[in-house]
Amino acid sequence: MIHTDQQSRLGGFRLDIPQVVSIVIVFASLYLLICPPKALSPAESRAAALSLFAAGFWATGVIPAHLTVFTFFLFAIFFSIAPPNVIFSGFESTAIWLVFGGLVLGVAIRSSGLAERVAGIIASG
């Protein structure tokens, strides 16, 4: 039996706050695409909608971050926000590969159990 506090009025679906915020973000982004403000050019409106979409989904975490990034790049190319060489120019920087390498090492250290062993040694000694 489903308790009434576990149901919403939307056919038994329960929406958390991040999901509701994500729905609002999608509609706000679509509104920017369909009805761009007069102060923004159509290209600027598309960029603002995409930025709002990406920042909102990163902040809420409703979909995994790697899918949000993939969607960002896909829509940036699809909506012609900038040429592809400009969109992907950040990957030419050595700093991004330094950060990426650090993230890979961090995942490897944590999944191998080395992080817990080193922390135990530091905490006990």
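The protein contains 6 helices and 0 strands, and the pattern along the sequence reads α-α-α-α-α-α. The model described here is a predicted one. Along the principal axes, the C-alpha atoms occupy a box of roughly 65 × 55 × 20 Å.

Burial and surface can be taken together. Of the 125 residues, 14% count as buried. The accessible surface amounts to about 9,400 Å², and carbon and sulfur atoms contribute 72% of that area. Among contacts with a separation of 6 or more, 38% are made by residues 24 or more positions apart. As for charge, there are 6 positive and 5 negative side chains, with the centres of the two sets 5 Å apart.

Phe 53 and Phe 57 are both buried.

A second pair, Phe 73 and Phe 91, is likewise described as tilted, because the ring centres are 5.7 Å apart and the planes meet at 50°. This pair links distant parts of the chain: Phe 73 lies in helix α3 (residues 65–78), while Phe 91 lies in the loop between α4 (84–87) and α5 (94–112), 18 residues apart. Phe 73 has a relative accessibility of 17% and so counts as buried, whereas Phe 91, at 39%, is partly exposed. Both also belong to one aromatic cluster, whose other members are Trp 58, Phe 72, Phe 88, Trp 97 and Phe 100.

Ser 29 is located in helix α1, residues 17–34. With a relative accessible area of 6%, Ser 29 is buried. Leaving aside residues up to four places away in sequence, Ser 29 touches Ala 49, Leu 52 and Phe 53.

Ser 80, in turn, is found in the loop between α3 and α4. Its relative accessibility of 48% makes Ser 80 partly exposed. The backbone of Ser 80 has a phi near 55°, a positive value in a residue other than glycine. Most residues other than glycine have a negative phi.

Note on methods. Residues are numbered from 1 along each chain as its sequence is written. This is a predicted model: local features need pLDDT of at least 70, side-chain atom pairs count only at pLDDT 80 or more; totals for chains, interfaces and linings use all residues. Side-chain values use heavy atoms; hydrogens and water are left out. Buried means under 20% relative accessible area, exposed over 50%, partly exposed in between (1.4 Å probe, protein chains only). Rings of Phe, Tyr and Trp (its six-membered ring) pair if their centres lie within 6.5 Å; planes under 30 degrees apart count as stacked, over 60 as edge-to-face and the rest as tilted. Helices (H or I, at least four residues) and strands (E, at least two) are DSSP runs, numbered from the N terminus. Contact means heavy atoms within 4.5 Å. Accessible areas come from the Shrake-Rupley method with a 1.4 Å probe; for residues, only the protein chains shown count as cover. Lys and Arg count as positive and Asp and Glu as negative; His and the chain ends are not counted. The place of a charge is taken as NZ of Lys, CZ of Arg, CG of Asp or CD of Glu.
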